[in-house]
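Please keep the sequence and the model open while you read this note. Work through the points in order.

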Amino acid sequence: RNVVEPSVMGEVLGAMGFPSEWLDLASQPEAKERVRRQTDAAVLLGVFGVPSFAVDGELFWGCDSLPHLDRFLAGEDPVPRDLLARWEELPVQATRREA
């Protein structure tokens, strides 16, 4: 279904039990400006797709990263920060030439 069409989106909202007023609110200039501001902020964080989550300077992208995000939030990140810091300090072994 073409969710770009307001009538279709209204049906979807209604079927999910959400108020139909949400569709009207989403089309207001203030809502559109908020989306623009949030998009600009996301781009500055390095977000390049959805879903994306920025937590403590770490970016988690895609549905397949959700289990890793859960582990990270629980303090069970499989890559400890001290190990990551050591990896970042390793000397560069190869560089790619510009074409």
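Predicted model: local features only at pLDDT ≥ 70, side-chain atom pairs only at ≥ 80, totals over all residues.

1. The protein chain has five helices and two strands. Along the sequence they run α-α-α-β-β-α-α. The radius of gyration is 20 Å, whereas the globule rule gives 13 Å for 99 residues, so the chain is more spread out than a compact globule.

2. Look at the overall dimensions. Along the principal axes, the C-alpha atoms fill a box of roughly 55 × 40 × 25 Å. Buried residues make up 9% of the 99 residues. Among contacts with a separation of 6 or more, 4% join residues 24 or more positions apart.

3. Next, the surface and the charges. The protein chain exposes about 8,600 Å². Carbon and sulfur atoms supply 58% of that area. There are 10 positive and 17 negative charges, and their mean positions are 5 Å apart.

4. How many aromatic pairs are there? The count comes to three. One of them is Phe48 with Trp61, a tilted pair at 4.8 Å centre to centre, with 45 degrees between the planes. Phe48 sits in the loop between α3 and β1, and Trp61 in strand β2, 13 residues apart. Phe48 counts as exposed, at 59% relative accessibility. Trp61 is partly exposed, at 42%.

5. Phe60 and Phe72 form another tilted pair, 5.2 Å centre to centre, with 55 degrees between the planes. Phe60 lies in strand β2 and Phe72 in helix α4, so this pair ties together parts 12 residues apart in sequence. Are these two residues buried or exposed? Both Phe60 and Phe72 are buried.

Key
Residues numbered from 1 in each chain as written. Heavy atoms only, no water. Helix = DSSP H or I, 4+ residues; strand = E, 2+ residues; numbered from the N terminus. Rg over C-alpha atoms; globule rule 2.2 N^0.38 Å. Buried < 20%, exposed > 50% of the residue type's maximum accessible area, 1.4 Å probe, protein only. Contact = heavy atoms within 4.5 Å. Areas by Shrake-Rupley, 256 points an atom, 1.4 Å probe, with all protein chains shown as cover. Lys, Arg positive; Asp, Glu negative; His and termini not counted. Charge placed at Lys NZ, Arg CZ, Asp CG, Glu CD. Phe/Tyr/Trp six-rings, centres within 6.5 Å; stacked < 30°, edge-to-face > 60°.
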